[in-house]
Amino acid sequence: MIVLRAKNVEFEVTHITADNKPDWFLEVSPHGKVPLLMVDQEVLFESNAIVEFLDETIKPRLHPEDPIKRAENRAWTDFVPSFASTLNSYLYAPNLQDQQSKKSGAQKVLLKLEERLQKNNKKEGTYFNGKTLSIVDAAYAPFLMRFTIVEPFCKTGIMEKFPYVEEWRKTLIKSPIVKDSLPENFMELFKKNLLKRGAYFAKEFTNKV
Ligand SMILES: N[C@@H](CCC(=O)N[C@@H](CS)C(=O)NCC(=O)O)C(=O)O
């Protein structure tokens, strides 16, 4: 959705609830997962394939023009699933002990990003490539945004050691393209999700939100 918004195209969104997927969705989705992009009669799936299609067909180009930089950006986008599952295993840990043991994994993947941002970004703008939003920003934004949401209640403190990632997260959440891509009831949905998954952090949330 962030990529569609960055390209200023008209689109319609249908949210799918994981535990109540409609029949029409299961018929068109090869693996029963979101996101899907329906273009005319075609159904595209897998986020990377969808964003690459959008980037090839609708301006402005969000990937860098330089092939080396583009390959490097694609590699960082490929890192998103391991980044996301490591962060999620921390956020959704069922008890304090498990949460503490998952914290170091979360810090390791954040450190990888910190080093990349520190090495190449040198504070030249705070998006991944510098001054403008790219596919990599769109790919990491949903996961980094969760910390904006949980931090006031759960006080993870996890970003404190990673000032470049922290600046990046702040830039992303300030960007209207990113910020307004969240559904209005995101907080409510996120809280429900923490509760449903039996996350230890859900206790902090339900007490305070
Ligand atoms: N590799 C896929 C992963 C898709 C995926 O795992 N989607 C999750 C939501 S982020 C989903 O639909 N989960 C529901 C389910 O597995 O039933 C992609 O990047 O599109």
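This is a predicted model: local features need pLDDT of at least 70, side-chain atom pairs count only at pLDDT 80 or more; totals for chains, interfaces and linings use all residues.

Colleague: Which residues surround the ligand?

Modeller: Lys21, Lys33, Val34, Pro35, Glu46 and Ser47 surround the ligand. A residue is counted as near a molecule if one of its heavy atoms lies within 4 Å of it. This shell divides into 2 nonpolar, 1 polar and 3 charged residues; in this scheme Ala, Val, Leu, Ile, Met, Phe, Trp, Tyr, Cys and Pro are nonpolar, Asp, Glu, Lys and Arg are charged, and the others, Gly among them, are polar.

Colleague: What lies 2.8 Å from a nitrogen atom of the ligand on the side of valine 34?

Modeller: It is a backbone N or O atom of valine 34. A polar contact is a pair of N or O atoms within 3.5 Å (within protein, one must be able to donate a hydrogen and the other to accept it, and residues adjacent in sequence count only if both atoms are side-chain atoms). Glutamate 46 places a polar side-chain atom 2.8 Å from a nitrogen atom of the ligand, and serine 47 has a side-chain N or O atom 2.4 Å from an oxygen atom of the ligand. The protein buries 55% of the 520 Å² that the ligand exposes when taken alone; accessible areas come from the Shrake-Rupley method with a 1.4 Å probe, and for residues only the protein chains shown count as cover.

Colleague: Why is phenylalanine 11 called partly exposed?

Modeller: Buried means under 20% relative accessible area and exposed means over 50%, with partly exposed in between (1.4 Å probe, protein chains only). Phenylalanine 11 has a relative accessible area of 33%, and is therefore partly exposed. This residue is found in the loop between α1 (2-6) and α2 (23-28).

Colleague: What makes arginine 74 and glutamate 52 a salt bridge?

Modeller: A salt bridge requires a side-chain nitrogen of Lys or Arg within 4 Å of a carboxyl oxygen of Asp or Glu. The side chains of arginine 74 and glutamate 52 meet with N to O at 2.8 Å, and the pair is a salt bridge. Arginine 74 is in helix α4 and glutamate 52 in helix α3 (residues 47-57), 22 residues apart; helices are DSSP runs (H or I, at least four residues), numbered from the N terminus. Glutamate 52, at 18%, is buried, whereas arginine 74, at 32%, is partly exposed.

Colleague: Why does the salt bridge between aspartate 180 and arginine 5 tie together parts that are apart in sequence?

Modeller: The closest N and O atoms of aspartate 180 and arginine 5 are 4.0 Å apart. Aspartate 180 lies in the loop between α9 (176-179) and α10 (186-196) while arginine 5 is in helix α1, so the parts joined are 175 residues apart in sequence.

Colleague: How many salt bridges does the whole structure hold?

Modeller: The search finds 8. Among them is the pair of arginine 169 and glutamate 166, at 2.9 Å from N to O. These two are 3 residues apart in helix α8 (residues 163-174), and are therefore separated by about one helical turn. Arginine 169 is buried at 12% relative accessibility, and glutamate 166 is buried at 18%.

Definitions and conventions
Residues are numbered from 1 along each chain as its sequence is written. Side-chain values use heavy atoms; hydrogens and water are left out.
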